[in-house]
Amino acid sequence: MDMIQAAHERHSVRAYEDKPLPSGVKSALEKKIKELNERSGLHIQLVTDEPKAFDSFMAHYGKFSGVKNYFAMVGRTDKDLQEKCGYYGEELVLYAQTLGLNTCWVALTYKKITGAYDVEEGERLALVIAVGYGKTQGTAHVNRPRSEVSEAPLNAPSWYLQGIEGALLAPTALNQQKFKFTLSDGNKVKAEAGRGFYAKIDLGIARYQFELFAGKENFEWIK
């Protein structure tokens, strides 16, 4: 399974089997996390066999069950932290999918567990991502019309349309899909966050998937 296929097949999963991550899978995830941390400056960590974060009223209210493994999305406190967590977290989520794992982004319905992960001075935990073997493969979400998230000429190139397809496949908080992509000057793309819960995280996720489907060689990001 490649990353594009993973993006098509990956859906949010909240209920997990009581099945530990094999050592080979953990090693592959740790290797990927190290690569992402080096590229991003984040401090992402894999937490395994730790059930307390999802053993709370909020987690049960959120219909989570069996979660014992998660990615702690930690980084330096700055204005770009949420978007970076979204962007690099989505690459990690899709990589986990290629390993046969399931995932779910979690911003509120978990409990912070002291000692389960490291948060250094000047850093904070932005969110976590549940990971493991799901009891189901989840279900696809309903997408907004392309015209509501994109502004482009009628003759927009195929790479741009493919990028929008990828962005619409991206998971977002409450399935809001409150982001906007604008194409100008042939190959210049602007991505903007809308208003809503965790919109900057969602923008980072959508930007990663736009790049994946459009091909980074085909366009240039602008602010």
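Predicted model: local features only at pLDDT ≥ 70, side-chain atom pairs only at ≥ 80, totals over all residues.
Visitor: At what angle do the axes of helix 6 and helix 7 cross?
Guide: They cross at roughly 140° and come within 7 Å (axes are lines fitted to C-alpha atoms over the stretch in contact, with angles from 0 to 180 degrees between N-to-C directions). The two helices are therefore oblique to each other (under 35 degrees is roughly parallel, over 145 roughly antiparallel, 65 to 115 roughly perpendicular, and the rest oblique).

Visitor: Which residues of helix 7 make the contact?
Guide: Helix 7 contributes Ala-206, Gln-209, Phe-210, Phe-213 and Ala-214, and the residues from helix 6 include Trp-159, Tyr-160 and Leu-169 (contact means heavy atoms within 4.5 Å). The residues of this contact divide into nine nonpolar, four polar and one charged (Ala, Val, Leu, Ile, Met, Phe, Trp, Tyr, Cys and Pro are nonpolar, Asp, Glu, Lys and Arg charged, and the others, Gly among them, polar).

Visitor: Which residues of helix 6 are buried?
Guide: In helix 6, Trp-159, Tyr-160, Gly-163, Ile-164, Gly-166, Ala-167 and Leu-168 are buried (under 20% relative accessible area with a 1.4 Å probe, protein chains only; exposed is over 50%, and partly exposed lies in between). Their cover includes helix 5 (146-149), strand 5 (150-151), strand 6, strand 7 and helix 7.

Visitor: And helix 4, at what angle does its axis cross that of helix 7?
Guide: The axes of helix 4 (residues 81-98) and helix 7 (residues 199-214) cross at roughly 50° and come within 6 Å. That makes helix 4 oblique to helix 7. Among the residues that meet are Gln-82, Tyr-87 and Leu-94 in helix 4, and Lys-200, Arg-207 and Leu-212 in helix 7. This contact divides into seven nonpolar, four polar and six charged residues.

Visitor: Changing topic, is Lys-32 buried or exposed?
Guide: Lys-32 is buried, with a relative accessible area of 12%. Lys-32 belongs to helix 2 (residues 23-40) and touches Glu-91, Leu-92 and Tyr-95, not counting residues up to four places away in sequence.

Visitor: What covers the buried residues of helix 2?
Guide: The cover includes strand 1 (45-47), strand 2 (70-76) and helix 4. Gly-41, with a positive phi near 80°, follows helix 2.

Visitor: Which residue other than glycine has a positive phi?
Guide: Gln-177 is one of them, with phi near 50°. Asp-185 also has a positive phi, about 50°. Most residues other than glycine have a negative phi.

Visitor: Where are Gln-177 and Asp-185 found?
Guide: Gln-177 is in the loop between helix 6 (158-169) and strand 6 (179-184), and Asp-185 is in the loop between strand 6 and strand 7 (188-193). Gln-177 counts as buried, at 0% relative accessibility, whereas Asp-185 counts as exposed, at 65%.

Note on methods. Residues numbered from 1 in each chain as written. Heavy atoms only, no water. Helix = DSSP H or I, 4+ residues; strand = E, 2+ residues; numbered from the N terminus.
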